[in-house]
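Work through these exercises with the model in view. Try each task before reading its solution.

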Amino acid sequence: MDNTMILREWFDRVDSERTGSITAAQLQNALAVGNLNFSISVVQQMIRMYDFDRNGTMSFDEFVALNKFLLKVQQAFADLERGRNYLLPDDVHEALVKIGFSLDSPAFYTVCESFDQKKNGRFRLDDFISLCIFLQSARNLFNSFDTAKQGRVTLDLNQFVYCTANCRI
């Protein structure tokens with residue numbers, strides 16, 4: 001059975017109401033079955049990352065895109081956790097580079113501090129996934145303003161307010 005069929009079966013089980021889309025609560029419960037425990041706000045952020053039609057739920061195609069991202073993040077984690085079940089900050093940096101995130105030191109350490117739930121310098125898989133979801137959401141938002149694809153944006157006050165009010169990354 002190919003991966004798409006497996007994902008379709010999984011999606012259909014989660015979509016218990018047969019609406020063709022899943023809610024944040026349904027996704028949260030399904031992820032918890034796989035020992036990935038995220039707050040509802042992180043799960044909502046997952047949905048927003050790939051909610052291409054902006055309806056607040058996740059269709060199968062949107063779910064496939066999220067799954068692809070999560071597999072990439074989980075693989076980067078697995079490659080560097082060395083049997084410890086956690087990453088140290090240097091490992092986090094290496095994993096982020098593998099995924100395609102290049103941050104300078106101040107941004108990297110700030111984001112690490114924010115996502116180190118136990119404040120012990122050890123990032124479990126769910127911490128690392130949450131951090132990557134934040135970074136991907138930030139990248140998506142940034143790219144929406146970087147229309148010239150120059151790696152820089154200038155925001156006026158209205159755009160900044162829009163970002164902070166409606167683009168909760």
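**Exercise 1.** With which side chain does the side chain of D126 make a polar contact?

*Solution.* This is a predicted model, in which local features need pLDDT of at least 70, side-chain atom pairs count only at pLDDT 80 or more, and totals for chains, interfaces and linings use all residues. Residues are numbered from 1 along each chain as its sequence is written, and side-chain values use heavy atoms, with hydrogens and water left out.

Step 1. Find D126 in helix α7, residues 125-145. Helices are DSSP runs of H or I with at least four residues, numbered from the N terminus.

Step 2. Look for a polar contact, a pair of N or O atoms within 3.5 Å; within protein, one must be able to donate a hydrogen and the other to accept it, and residues adjacent in sequence count only if both atoms are side-chain atoms. The partner is the side chain of R124, at 3.1 Å.

Step 3. Check burial. Buried means under 20% relative accessible area, exposed over 50%, partly exposed in between (1.4 Å probe, protein chains only). D126 has 15% relative accessibility, so D126 counts as buried.

Step 4. List the touching residues, where contact means heavy atoms within 4.5 Å. Leaving out residues up to four places away in sequence, D126 touches N37 and F38.

**Exercise 2.** Which residues of helix α6 are buried, and how are they arranged?

*Solution.* Step 1. Helix α6 covers residues 105-115, and its buried residues are F108, V111, C112 and F115.

Step 1. Look down the axis of α6. The buried residues fall within an arc of 105°, so they line one face of the helix. The arc is taken from the directions from the helix axis to the C-beta atoms.

Step 2. Turn to the other side of α6. There P106, T110 and E113 are exposed.

Step 3. Find the packing partners. The buried residues of α6 pack against α5 (89-99) and α7.

Step 4. Go to the N-terminal end of α6. D104 caps this end, with a side-chain oxygen 2.9 Å from the backbone nitrogen of A107.

**Exercise 3.** Is E62 buried or exposed?

*Solution.* Step 1. Locate E62 in helix α4.

Step 1. Apply the cut-off. E62 has 2% relative accessibility, so E62 counts as buried.

Step 2. Name the contacts. Not counting residues up to four places away in sequence, E62 touches Y50, D51, F52, D53 and T57.

Step 3. E62 and R48 are 14 residues apart along the chain, and 9.9 Å separates their C-alpha atoms.

Technical notes: Helices (H or I, at least four residues) and strands (E, at least two) are DSSP runs, numbered from the N terminus.
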